[in-house]
Amino acid sequence: MSALAVVTLAAGCAQAAAEAVPPAVPPVERPAPGPLWAYLDQVDARLATQVNEDRTRACVADAGFMYWPDDPNHELTQDTLPFARAWGYGGLSISTASTAELNAAFVRTLSEADRERYDTALDACATAEVEEPAESWRDDPDFADLYAELDSWVLATVGDPRVHVADAAWSACMGDAGYDVGSPDEAEEQAAAATRGGTLTTDEVQQAEIALAVADLTCRASTGYQDTTRTAWHAVQQEFVEGHRDQLEALVAQHGL
């Protein structure tokens, strides 16, 4: 199946699934988690389903088809312009089609022969599920010191100027668009305050959130915000990894999914 055919099918199935879904962009790979979270994601019980779904998405894609992984919080689409144009930051009332509905709509676009190939691929891709561990590593006394140090490190790095290196360029871009805001976090906080946590959803408020979110995402793209911030954040993570590598490796060996 050609890339053009896949994109065409994606557009068709998104329309068939529901008119009001958050933009049904083709299922995408999650961003690389960074050197520290490359360890922590392997022991997070909450990520067992995500790991299974992401592996299925990648496996089905290798077979030439599309598969929407379960994404109840819209994590894979929320920081995209298509999402922002329709739903702002996601605090507005969102009528969604489930990923099951999106996948079913995609299957309906396939020929009988391709549907058989899809079913075969999906069966093969779903045979080795990751099981959720019975106990969280955070409750393991052997890793109590690591957990305490990690907790302190996270609090300290929230204000690390290196992870905010891209805020100034982004803020200047937002100023040109008519917004006085210092960071994407502040923009989202403003939107949440305006909607009272999503409970105030007049048309005027909704349009204001959408306009702010679109300006935000546009400025992130034009200033290279995501790449710059990710590079800085990964460098900060690497420092923690270098100081705790043996503990992190032992953690994955004992509690890895």
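**Figure 1. The disulfides of the chain pair as 1-2, 3-4, with bonded cysteines counted along the chain.** A search of the whole structure finds two disulfides, a disulfide being a pair of cysteine sulfur atoms within 2.5 Å. The model is predicted: local features need pLDDT of at least 70, side-chain atom pairs count only at pLDDT 80 or more, and totals for chains, interfaces and linings use all residues. Residues are numbered from 1 along each chain as its sequence is written, and side-chain values use heavy atoms, with hydrogens and water left out.

**Figure 2. Cys 59 is joined to Cys 125 by a disulfide.** The S to S distance is 2.0 Å. The link is left-handed, with -75 degrees about the S-S bond. Cys 59 sits in helix α3 and Cys 125 in helix α6, 66 residues apart; helices are DSSP runs (H or I, at least four residues), numbered from the N terminus. Cys 59 is partly exposed, with a relative accessible area of 28%. Cys 125 counts as buried at 14% relative accessibility. Here buried means under 20% relative accessible area, exposed over 50%, and partly exposed in between (1.4 Å probe, protein chains only).

**Figure 3. Cys 173 is joined to Cys 219 by a disulfide.** S to S is 2.1 Å. The torsion about this S-S bond is about -80 degrees, so the disulfide is left-handed. Cys 173 lies in helix α8 and Cys 219 in helix α10, so the pair ties together parts 46 residues apart in sequence. Cys 173 counts as buried at 19% relative accessibility. Cys 219 counts as buried at 2%.

**Figure 4. The buried residues of helix α8 are Asp 167, Trp 170, Cys 173 and Met 174.** They cover an arc of only 130 degrees around the axis, which puts them on the same side of α8. The arc is that of the directions from the helix axis to the C-beta atoms. Ala 168 and Asp 176 are exposed on the other side. The buried residues pack against α9 (184–194), α10 (203–223) and α11; contact means heavy atoms within 4.5 Å. Just after α8, Gly 178 takes a positive phi of about 100 degrees.

**Figure 5. Phe 65 and Tyr 118 form an edge-to-face aromatic pair.** Their centres are 5.6 Å apart, with 90 degrees between the planes. Rings of Phe, Tyr and Trp (its six-membered ring) pair if their centres lie within 6.5 Å; planes under 30 degrees apart count as stacked, over 60 as edge-to-face and the rest as tilted. Phe 65 is in the loop between α3 (48–62) and α4 (81–87), and Tyr 118 is in helix α6 (residues 112–125). Both residues are buried.

**Figure 6. Trp 37, Trp 153, Trp 233 and Phe 240 form one aromatic cluster.** Within it, the rings of Trp 153 and Phe 240 have their centres 5.2 Å apart and their planes at 50 degrees, so the pair is tilted. Trp 153 lies in helix α7 (residues 144–157) and Phe 240 in helix α11 (residues 225–255), so parts 87 residues apart in sequence are tied together. Phe 240 is buried, with a relative accessible area of 4%.

**Figure 7. The largest nonpolar core has 16 residues.** Such a core is a set of buried Ala, Val, Leu, Ile, Met, Phe, Trp, Tyr and Cys residues joined through side-chain atoms within 4.5 Å. The largest share, six residues, comes from α11. Leu 248 touches Leu 36, Tyr 39, Leu 40, Leu 146 and Val 241, not counting residues up to four places away in sequence.

Note on methods. Helix = DSSP H or I, 4+ residues; strand = E, 2+ residues; numbered from the N terminus.
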